[in-house]
Amino acid sequence: MQEEQILVSEDVAVDVQDSIAIVEIKRPPYNFFDVGLLQNLGTAFTEIEKNTSCRAIVLASEGKAFCAGANFSAEGGDIAKALSSHSNSEYNYGYIGNG
């Protein structure tokens, strides 16, 4: 079993075991997210993309809630800029949800 640990920031850690990457949000207890966290997650996914043996990503978090909401009024709150800074036209990113 090959294991590699990558600390992207204080808020996001990546642990790669064999072909599975576990990306963990470390903002307990409620893991509120903001632009900085989105940028750190983008950095984590960019680092994982460099690992050609990685076949799956599990997104997890510490604390009571996976994510209890967003705080985009914080400093640097330009969400569109944060998301576009990690865009890659080769991929089609989306979400799973109702609607």
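These are my notebook entries on a predicted protein model and what I looked up in it.

**Ground rules.** I number residues from 1 along each chain as its sequence is written, and side-chain values use heavy atoms, with hydrogens and water left out. In this predicted model, local features need pLDDT of at least 70 and side-chain atom pairs count only at pLDDT 80 or more, while totals for chains, interfaces and linings use all residues.

**Entry 1: the overall layout.** I began with the secondary structure and found two helices and four strands. Helices (H or I, at least four residues) and strands (E, at least two) are DSSP runs, numbered from the N terminus. Read from that end, the elements go β-β-β-α-β-α.

Entry 2: Next I looked up burial: 24% of the 99 residues are buried. Buried means under 20% relative accessible area, exposed over 50%, and partly exposed in between (1.4 Å probe, protein chains only). The protein exposes about 6,900 Å², and carbon and sulfur atoms supply 51% of that. These areas come from the Shrake-Rupley method with a 1.4 Å probe; for residues, only the protein chains shown count as cover.

**Entry 3: Asn31.** I then picked Asn31, which sits in the loop between β3 (20–25) and α1 (35–49). Is Asn31 buried or exposed? It counts as buried, because its relative accessibility is 1%. Its side chain makes a polar contact of 3.4 Å with the side chain of Ser61. A polar contact is a pair of N or O atoms within 3.5 Å; within protein, one must be able to donate a hydrogen and the other to accept it, and residues adjacent in sequence count only if both atoms are side-chain atoms. Leaving aside neighbours within four places in sequence, I found Asn31 in contact (heavy atoms within 4.5 Å) with several residues, including Ile25, Glu62, Phe66 and Gly69.

**Entry 4: contacts across the sequence.** Of the protein's contacts with a separation of 6 or more, 63% are between residues 24 or more positions apart.

**Entry 5: an aromatic pair.** How many aromatic pairs does the structure hold? I found one. The rings of Tyr30 and Phe32 have centres 6.1 Å apart and planes at 50 degrees, so this pair is tilted. Rings of Phe, Tyr and Trp (its six-membered ring) pair if their centres lie within 6.5 Å; planes under 30 degrees apart count as stacked, over 60 as edge-to-face and the rest as tilted. Tyr30 is partly exposed at 37% relative accessible area, and Phe32 is partly exposed at 44%.
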